[in-house]
Amino acid sequence: MPNCLPFLLGSLLLSAALSAAAAPALPAAPAYGPELQGFDYPYELKHYAFESQGKQLQMGYMDVAPTGAANGRTVVLMHGKNFCGATWEQTIKALGAAGYRVVAPDQVGFCTSSKPEHYQYSFQQLAINTHGLLAQLGIRKAVIVGHSTGGMLATRYALLYPDQATQLVMVNPIGLEDWKALGVPYRTVDQWYQRELKLNADGLRNYEQSTYYVGRWKPEYERWVTMLAGLNQGPGHALVAWNSALVYDMIFTQPVVYEFKDLAMPTLLLIGDADTTAIGSDAASPEVKAKIGRYKVLGKQAAKLISQATLVEFAGLGHAPQMEQPAEFHKALLGWLAAH
């Protein structure tokens, strides 16, 4: 019997080649630079250069003038861990129309800002960096708004600069509980790093849909998945992952919940009550996982700890109500700001 193997292999290769030629080409996944070069921000991106921990660093930021009649007030928007200044796009537009100047920085280690090889991350350090930016812009007093991890940073900023944070707004902040104290196992920076090296668009999308958006998904969320995946898979891949690991360690080991009692300024909590975000929950035991990340409970607990707190809950919404239901969210935010 003649050896048919070469013929079969040749036929298979030819068939595969013809199939590939016939299939429509999928667009290549974007690969953005280590400071998110190649990704378009909704407003002009500027850069603040400064020295910190012996390094020359820079923070990307947007400084957007009001489009409505100016009211003389400034709002500073602090992004979350899986977000950037750009993700505040709709909020910047709504605030600008209401007369506010808006500053939306990217923190060191994130998005369009420096990714140092070595940096001692703390919420105090990031707050001090942001304070330097505002000082350069001539902004002495501002409303401080923080979402997710930005809520922890906004709290720390308000505690460090109570005379300059006129009002504090927290949007589904993480850090409303101390996960370590509640039994979530500690991950080393090296373990976080190995985890972050594997980050990709599919993993991000699945995580955000299940945790952030209560199983729902809108086409407009895809832009933010692409933004993060492109940053993490670009030429700065290893450095981006390393900084992300350092940031996760900061989040896990530097809770702010114990100091909510020290916040003296009017504070607004905007909470999507179906949110289940909790850092490290994927490594927690079923018993621990069942009791953490319950924002329907956490929002009310936080409001009781803060002396001048107003709690607004969005029933059935997840981690980013400003993106899920922007009209409802901005009505609540602007109404409270007008009264304070």
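The expected span of a helix is 1.5 Å times one less than its number of residues. Keep that in mind for the exercises below, which all use a predicted model.

**Exercise 1. Work out whether the length of helix 3 fits its residue count.**

Solution. Start with the residues: helix 3 covers 123-136, which makes 14 residues. At 1.5 Å a residue, they should span 20 Å. Now look at the ends: the C-alpha atoms there are 20 Å apart, so the two values agree.

**Exercise 2. Find the buried residues of helix 3 and say what they pack against.**

Solution. First, pick out the residues under 20% relative accessible area. In helix 3 these are Phe123, Gln125, Leu126, Ala127, Asn129, Thr130, His131, Leu133 and Leu134. Next, see what they touch. Their partners include four strands: strand 1 (46-52), strand 2 (55-64), strand 3 (74-78) and strand 4 (101-105). Helix 4 (149-160) and helix 8 are partners too.

**Exercise 3. Do the length check for helix 8, then decide how enclosed this helix is.**

Solution. Helix 8 has 17 residues, so it should span 24 Å; its end C-alpha atoms lie 25 Å apart, which agrees. As for burial, 12 of the 17 residues are buried, so helix 8 is largely enclosed by the rest of the structure. Among them are Val240, Asn243, Leu246, Met250 and Phe252. The buried residues pack against helix 3, helix 4, helix 5 and helix 7 (222-232).

**Exercise 4. Zoom in on Ser244: is this residue buried or exposed?**

Solution. Ser244 sits in helix 8. Its relative accessibility is 7%, and the cut-off for buried is under 20%, so Ser244 counts as buried. Setting aside neighbours within four places in sequence, Ser244 is in contact with Lys81 and Glu196.

**Exercise 5. Describe how helix 5 and helix 8 pack together.**

Solution. Two packed helices are described by the angle between their axes and the distance between the axes. For helix 5 (residues 189-197) and helix 8 (residues 237-253), the angle is about 135° and the axes are 8 Å apart. The two helices are therefore oblique to each other, and their crossing is right-handed. On the helix 5 side, the contact involves Val189, Asp190, Trp192, Tyr193, Arg195, Glu196 and Leu197. Helix 8 brings residues including His237, Ala241, Trp242, Ser244 and Tyr248. Finally, sort the contact residues by type: 10 are nonpolar, 2 polar and 4 charged.

Methods:
Residues are numbered from 1 along each chain as its sequence is written. This is a predicted model: local features need pLDDT of at least 70, side-chain atom pairs count only at pLDDT 80 or more; totals for chains, interfaces and linings use all residues. Side-chain values use heavy atoms; hydrogens and water are left out. Axes are lines fitted to C-alpha atoms, for helices over the stretch in contact, and angles run from 0 to 180 degrees between N-to-C directions. Angles under 35 degrees count as roughly parallel, over 145 as roughly antiparallel, 65 to 115 as roughly perpendicular and the rest as oblique. A crossing is left-handed if the near helix is turned anticlockwise from the far one by less than a right angle, and right-handed if clockwise. Contact means heavy atoms within 4.5 Å. Ala, Val, Leu, Ile, Met, Phe, Trp, Tyr, Cys and Pro count as nonpolar, Asp, Glu, Lys and Arg as charged, and the others, Gly among them, as polar. Buried means under 20% relative accessible area, exposed over 50%, partly exposed in between (1.4 Å probe, protein chains only).
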